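I opened this notebook page to record what I looked up, beginning with the annotated site and moving on to the core.

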Amino acid sequence: GGFKPIVISTWAEGINANKAAWEILKNKGRALDAVEAGVMVTEASQNCCVGLGANPDRDGIVTLDASIMDENGNCGSVGAIERIKHPISVARRVMEKTPHVMLVGQGAQQFAVAEGFPLEPQKLSDDAERTYKEWLKKAEYKPVINIENSGQKGHGPFAPTRFDNGDWNHDTIGMIALDATGNLSGSCTTSGMGFKMRGRLGDSPIIGAGLFVDNEVGAATATGMGEEVIRICGTHLVVELMRQGYKPEDACKKAVERIVKKNYERAKANQVGFIAINKKGEFGGFCLQSGFNFAVCYGDNTNFMVDAKHYF
Ligand code: SD4
């Protein structure tokens, strides 16, 4: 059986984000409002890996990606936006106020400013400053082709790496929700991979890769190495698998298996995690490597972490 309303989101930061989303869901609010308000908490927290406090690209500039999708199949996204605190809200404005789905870079920032979003100072958080300086010591400042294929441990300059305690270094929150009226929506917001090449976009701003919602079927979002997710149109695949009858966890597992089948070595060296909910409010997740978890909330006192099962 499932739960309604329900909200789930990626990684431990999901707990706080879910709380904000739940305030809306429990009052019979719209899933779209819940998934926006939820991830705004993470975007605003300076001590996390999402939003302006996060790690910069190789040039030392924080560039943010976000996407949002509602129950009617409307969607909006921003790619590589700079100096804006809440990319998710800009993505929502792109969806609601423009004829377009995606705005990137300078144009996205220009639109945000025209919509009244303040331009924040271009300054790294203390944590990011420290990490960036550390990274610069060894950084080979040139694009490495197929670094993810090179077999290097530590996975190259912008791949997710493990901390000594076994946690994954991550930069994203993806959230999906089913509201009291039975409508689904989702959001995804990220700084992308730390020390990525300037201009690099991951899966998070790409509808069907980092986020997909079909109100007849379900919703899914992704985290981890975005390139792997884009190559298989990951969340679109998860939703289509649910349409075929797979439960959320099994659909996520199938998508992970697709990544492995495409390129075993690359899959083995990387992390990708999917989470999904279906129209009944059943939920699940699956990932490549151990260590990915997600936060699940369907009651005032029901907000807990689930360790996703993993392929390797
Ligand atoms: C990206 N998927 O930009 C994002 C990164 C991520 O936890 O999820 N990090 O590829």
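Before starting I noted the cut-off for burial: a residue counts as buried if 20 or more other C-beta atoms lie within 10 Å of its own. The model I am reading is a predicted one.

**Annotated site.** I first checked the unreviewed UniProt entry, which places a "binding site" feature at Arg 200, Leu 201, Gly 202, Asp 203, Thr 223, Gly 224, Met 225 and Gly 226.

**Thr 223.** I found Thr 223 in strand 8, which covers residues 218–224. Setting aside residues up to four places away in sequence, I listed its contacts as Thr 10, Trp 11, His 170, Thr 172, Gly 174 and Gly 273.

**Met 225.** I located Met 225 in the loop between strand 8 and helix 6 (226–231), and with 25 other C-beta atoms within 10 Å, Met 225 is buried.

**Ligand shell.** I then asked which of the 14 residues around the ligand come nearest. They are His 170, Thr 172, Gly 202, Thr 223 and Gly 226. By class, I recorded three nonpolar, nine polar and two charged residues in the shell around the ligand.

**Core.** Last, I looked up the largest nonpolar core, which has 92 residues, with Ala 21, Ala 177, Val 238 and Ala 276 making the most contacts inside it. Helix 2 (residues 31–44) gives the largest share of this core, eight residues. For Ala 177, leaving aside neighbours within four places in sequence, I noted contacts including Pro 5, Ile 6, Val 7, Ala 21 and Leu 25.

Key. Residues are numbered from 1 along each chain as its sequence is written. This is a predicted model: local features need pLDDT of at least 70, side-chain atom pairs count only at pLDDT 80 or more; totals for chains, interfaces and linings use all residues. UniProt positions are given in the numbering used here, feature names are shortened, and annotations may be inferred rather than shown by experiment. Helices (H or I, at least four residues) and strands (E, at least two) are DSSP runs, numbered from the N terminus. Two residues are in contact if their C-beta atoms, placed from the backbone, lie within 7 Å. A residue is buried if 20 or more other C-beta atoms lie within 10 Å of its own, exposed if 12 or fewer, and partly exposed in between; C-beta atoms are placed from the backbone. A nonpolar core is a set of buried Ala, Val, Leu, Ile, Met, Phe, Trp, Tyr and Cys residues joined through C-beta atoms within 7 Å. A residue is near a molecule or strand if its C-beta atom, placed from the backbone, lies within 6 Å of it. Ala, Val, Leu, Ile, Met, Phe, Trp, Tyr, Cys and Pro count as nonpolar, Asp, Glu, Lys and Arg as charged, and the others, Gly among them, as polar.
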